[in-house]
Amino acid sequence: MYKLGQYLPGVSPVHKRDARVKIIAVVAVSVITLHTKAVGLALVAVAMASVIWIARIPLVYVLRALKPVMPLSALLLLLHLLFTRGTPLLPFPVGLVSVTREGLYLGLLLVGKFLLLVIAASVLTMTTSPSELTMGIERLLRPFRFMGVSSHELAMMLSLTLRFVPILLEEATTIKEAQLARGAVFNSGGLRRRIQTISCLVMPLSTSVFRRCEELINAMEARGYQPGPRTYLQELTLSWGDYLVLITVLLVTAVIIWL
Amino acid sequence: MIRTEALVYRYGREQSPVLNAINLCIEEGEYVAIIGPNGCGKTTLIRHFNALLLPTAGEVWIDGLNTRDFRSVGEIRRRVGMIFQNPDNQIVGMTVEEDTAFGPGNLGLPSTEIRQRVDEALATVGLKEYATRPPHHLSGGQKQLLALAGVLAMHPKYIVLDEPTSSLDPITREHVLLMLKQLHRKGITIIQVTHNMEEAAIADRLIVMNQGTVVADGPPSRVLSNINQLKLLGLAPPRITELMYYLQRMGEDVRTDIFTVTDAVTEITTLTNRLRQQAVVRPGGEVCRYV
Amino acid sequence: MKSAKISLRGMVYASMFAALTAVGAYITIPLQLVPITLQTLFTNLAGALLGGYLGALSQLVYVLLGIMGLPVFAGGKAGLGVLLGPTGGYLVGFIAGTYFMGKMIERREQAGFGWIVLALGVGHVVIYGLGALQLSVVAHLSAAKALAVGVLPFLPGDILKILVAAFLTLKLRELIKL
């Protein structure tokens, strides 16, 4: 069955932190990561490792989160390895290009930064449920209007989307399987034929989505919804621990940026 | 009390109105079923009860609040909860409890109050143990119960349901109907549109609609036993009622206001017992036919 | 952008197109070179069917969904790291690009196939531009290399998807009530 996001329920101190604190912390770690060089990266890596340890996230899950970004990381490393001028690492050139020390350093640094960014974000989503995250985003954005939408409306839209992704995914899979069963071929035929094959997959999905939209609008109106401020089952509250973590994170970030 | 006065509704500039001068009065505490052929306007009618639709002509009053008055719409929607046919497309929360909290949140209640109402509503429908699960993992029947919980958390006086059981299997349907019966006993007015005549028979009052008008209105015993009228409208009366109807037409002394197998068994047993006794009193060849 | 209050209708349609875009990332269609996903097909449709404002909003929600950890970005990626990483420019591009697509299509009463294709193409120029820009800055690549790595491989699939989207827009726009 489709699993919503990467959330791993738990009771660790990391899990217990307020979603807002964790979001701010991830933004801070990202800023530091993008800002520092090798030594800074090593420190961030150590910090992330200890957070992962405290949160008791199995290493397998961290690696699984990194898997999708591996092809891109490999490509980046290769590009820099081959196309950076400097001191050659190998005594002979590989074809037209040569592997250089500078290239290796720059490539590893960039890939390291990228992977750390991904890990930091994954730790957030592994220790915070989608509902908490939505509430966190809602509260952090509460003073602002973004693209004509208030934080309440944005949270509502996120909630609706999270609710319907699994449903639509199931529906899309069913339609695609039905088409394959009827002998639809996606990877051959002329342009016109291909356009038609893909359309036959997307048309029924779209029309069913339009119907769902109409029913949802009715149901939400019937339950008294109107765009604008509303109240929630869980209001986030900051504990002493949350304040402590927040202040530490902000101080460390400030120190690293100004140094 | 829900009252419609000469309610007319037409979609756009279509010639024939979907609802044609409907005058209805539904008192508090009633259990009403609305039946009728497809396109008779029953869904359109109930959507007027919580201001989802506004009349083209005429008025709809909920406890003296007019649905046209935009200031009353919030209160009307709190008092009149609505449940739709497709359970999936009326759930908006990421978890069961969050979905239940949607209505109270729209009322702007404080979190503590919402928590209390959510727990209460989930306990009533028996979904307490699923509180933190995503709704996607619930069965069709459980989703419909969740929709009911979402409505109950608003503390409604009326619950209007649009074919709530049409997509459910027989066992969960029984469960949902039992739930409605319980809520009715607690004093909540139930108004239910249905295709299923056995379901309609549970109600205290049955309204039959055809082509935008009310063609019959009364207790199920009276309305459903009028087999000919139902058949004219293309509605299938409960099979068991039809059986009694044909027995009666064959000259047997049975009632036709019977909608359940249990009642039918009682009625037929009484009949056969009576005939047995008659057979003892007046022995003759004729009796063999019955026993 | 519009400052007027958004309608419930607009919210629901934008959310559903965000969900469709996310789901599209999971539907792969094999093509000769690289398999394509239907994610940007729904990005196209969001712009063409919902218009500039709601289309962009739907993509904003889609991007937030990915940032929240749902593996809905290309290749199953997720998280804030992706937005700040080398390919993050495309995500911003989806929002901006959809806005341009929608605004251009809105300019004509009943846009024809050619105009829709043109609008979607212009939108893609925005997406590619922002995508390649961030790629070259974050990954320290020259503009030519960024274009070669970040645009060229996707061109055939994207052209096919633009054509499909334009074709579907003509069929679907009568069915959508905004």
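**Exercise 1. Aromatic rings**

Which residues do ring pairs link into a cluster?

Solution. The structure is a predicted model, in which local features need pLDDT of at least 70 and side-chain atom pairs count only at pLDDT 80 or more, while totals for chains, interfaces and linings use all residues. Residues are numbered from 1 along each chain as its sequence is written, chains are lettered from A and ligands numbered from 1 in the order in which they are written, and side-chain values use heavy atoms, with hydrogens and water left out.

Step 1. Rings of Phe, Tyr and Trp (its six-membered ring) pair if their centres lie within 6.5 Å; planes under 30 degrees apart are stacked, over 60 edge-to-face, and the rest tilted.

Step 2. The cluster linked by ring pairs consists of A:Phe210, C:Tyr13 and C:Phe17.

Step 3. Over all chains, the rule gives nine aromatic pairs. One of them is a stacked pair of A:Tyr225 and B:Phe102, with 5.6 Å from centre to centre and 20 degrees between the planes. This pair crosses between chains: A:Tyr225 belongs to the loop between helix H9 (191-222) and helix H10 (240-258) of chain A, and B:Phe102 to helix H4 (residues 102-106) of chain B. Helices (H or I, at least four residues) and strands (E, at least two) are DSSP runs, numbered from the N terminus.

Step 4. Buried means under 20% relative accessible area, exposed over 50%, and partly exposed in between (1.4 Å probe, protein chains only). A:Tyr225 has a relative accessible area of 3% and is therefore buried; B:Phe102, at 3%, is buried as well.

**Exercise 2. Chains A and C**

Determine how the overall form of chain A and that of chain C relate to the globule rule.

Solution. Step 1. Chain A holds 10 helices and two strands, in the order α-α-α-α-α-α-α-β-β-α-α-α from the N terminus. Its radius of gyration is 24 Å, well over the 18 Å that the globule rule gives for 259 residues, so chain A is more spread out than a compact globule. The radius is taken over C-alpha atoms, and the rule is 2.2 Å times the number of residues to the power 0.38. The C-alpha trace of chain A spans about 70 × 60 × 35 Å along its principal axes, and 51% of its 259 residues are buried.

Step 2. Chain C has seven helices and two strands. Its radius of gyration is 15 Å, close to the 16 Å from the globule rule for 178 residues, so chain C is as compact as a globular protein of that length. A box of roughly 45 × 35 × 30 Å along the principal axes is filled by its C-alpha atoms, and 62% of its 178 residues count as buried.

**Exercise 3. Individual residues**

Where is C:Leu41 found, and which residues does C:Leu41 contact beyond its neighbours within four places in sequence?

Solution. Step 1. C:Leu41 is part of helix H2 (residues 39-67) of chain C, and its 0% relative accessibility makes it buried.

Step 2. With contact meaning heavy atoms within 4.5 Å, and neighbours within four places set aside, C:Leu41 touches A:Ile198, A:Val202, C:Lys161, C:Val164 and C:Ala165.

Is B:Asp63 buried, partly exposed or exposed?

Solution. Step 1. B:Asp63 occupies the loop between strand E4 (57-62) and strand E5 (65-66) of chain B.

Step 2. With a relative accessible area of 22%, B:Asp63 is partly exposed.

Step 3. Although not a glycine, B:Asp63 has a positive phi of about 50 degrees.
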